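Here is a short briefing for a first look at a protein model. Keep the sequence and the 3D view open while reading.

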Amino acid sequence: MSEEPTPQHGPHGYSGDKAALLSRLRRIEGQIRGLQRMVDEDTYCIDVLTQISAAKSALHSVAVGLLEDHLAHCVVDAARAGDPSAKVKEASDAIGRLIRS
């Protein structure tokens, strides 16, 4: 996740909160390792399912935050440049994927 602009994309909207985002993803990674440990230790299936739900919710929250950043930065910047249609399409597609997951 580089803060350097790429040929297709400028600086990312989450760049200012990158440390917090990485911290959150590391906590989620810890949750996943905990799930592996639970299965390895034959933890009761409902308890494992509860933790899976919590991990999914945490990832969903990160995804929604990234989507909000995309709208606030990438789409707004494209609108200022005169043609937001590609960025709006990207956002719409991302929303569709989030809804289906």
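D77 and R80 sit three residues apart in helix α2, so about one helical turn separates them. Their side chains meet in a salt bridge, at 3.6 Å from N to O. A salt bridge here is a side-chain nitrogen of Lys or Arg within 4 Å of a carboxyl oxygen of Asp or Glu. The model is predicted: local features need pLDDT of at least 70, side-chain atom pairs count only at pLDDT 80 or more, and totals for chains, interfaces and linings use all residues. Residues are numbered from 1 along each chain as its sequence is written, and side-chain values use heavy atoms, with hydrogens and water left out.

**Overall layout**

- The protein chain has three helices and zero strands. Helices (H or I, at least four residues) and strands (E, at least two) are DSSP runs, numbered from the N terminus.
- Along the sequence, the pattern reads α-α-α.
- Of the 101 residues of the protein chain, 23% count as buried. Buried means under 20% relative accessible area, exposed means over 50%, and partly exposed lies in between (1.4 Å probe, protein chains only).
- The protein chain exposes about 7,200 Å², and carbon and sulfur atoms supply 57% of that area. Accessible areas come from the Shrake-Rupley method with a 1.4 Å probe; for residues, only the protein chains shown count as cover.
- Among contacts with a separation of 6 or more in the protein chain, 46% join residues 24 or more positions apart. A contact means heavy atoms within 4.5 Å.

**Confidence**

- The mean pLDDT of the protein chain is 88, and 89% of its residues reach 70 or more. pLDDT is the predictor's confidence in each residue, from 0 to 100.
- Over residues 1-7 the pLDDT is below 50. Beyond near neighbours in sequence, this stretch has 11 contacts in the model.
- Helix α3 (residues 85-100) has the lowest confidence, at a mean of 92, and α1 has the highest, at 96.

**Salt bridges**

- A search of the whole structure finds four salt bridges. The pair D77 and R80 is one of them.
- D77 is partly exposed, with a relative accessible area of 45%. R80 is exposed, at 68%.
- E29 and R33 form a salt bridge through their side chains, at 3.7 Å from N to O. They are four residues apart in helix α1, so about one helical turn lies between them.
- E29 is partly exposed, at 44% relative accessible area. R33 is partly exposed too, at 43%.
- K89 and D93 meet in a salt bridge at 2.7 Å, N to O. Both lie in helix α3, four residues apart, about one turn of the helix.
- D93 is partly exposed, with a relative accessible area of 31%.

**Core and surface patch**

- The largest nonpolar core has five residues: Y14, L21, I28, A58 and V62. The elements that give two or more residues to this core are α1 (18-40) and α2.
- A nonpolar core is a set of buried Ala, Val, Leu, Ile, Met, Phe, Trp, Tyr and Cys residues joined through side-chain atoms within 4.5 Å.
- In soluble globular proteins, nonpolar side chains tend to be buried together.
- Y44, I46, L49 and I52 form a nonpolar patch on the surface, with about 400 Å² of accessible area together. Patches are made of residues with over 30% relative accessible area and no salt bridge; like charges are joined within 9 Å, nonpolar side chains (Val, Leu, Ile, Met, Phe, Trp, Tyr) within 5 Å.
- I52 lies in helix α2 (residues 45-81). I52 is partly exposed, at 35% relative accessible area.

**Loops and links between helices**

- D42 lies in the loop between α1 and α2. D42 is exposed, with a relative accessible area of 67%.
- Phi of D42 is near 55°, a positive value in a residue other than glycine. Most residues other than glycine have a negative phi.
- P84 lies in the loop between α2 and α3. P84 is partly exposed, at 25%.
- Not counting residues up to four places away in sequence, P84 touches V75, A78 and A79.
- L71 lies in helix α2 and is partly exposed, at 37%.
- L71 and A91 are 20 residues apart in sequence and 7.2 Å apart in space, C-alpha to C-alpha. With the same exclusion of residues up to four places away, L71 touches V76 and A91.
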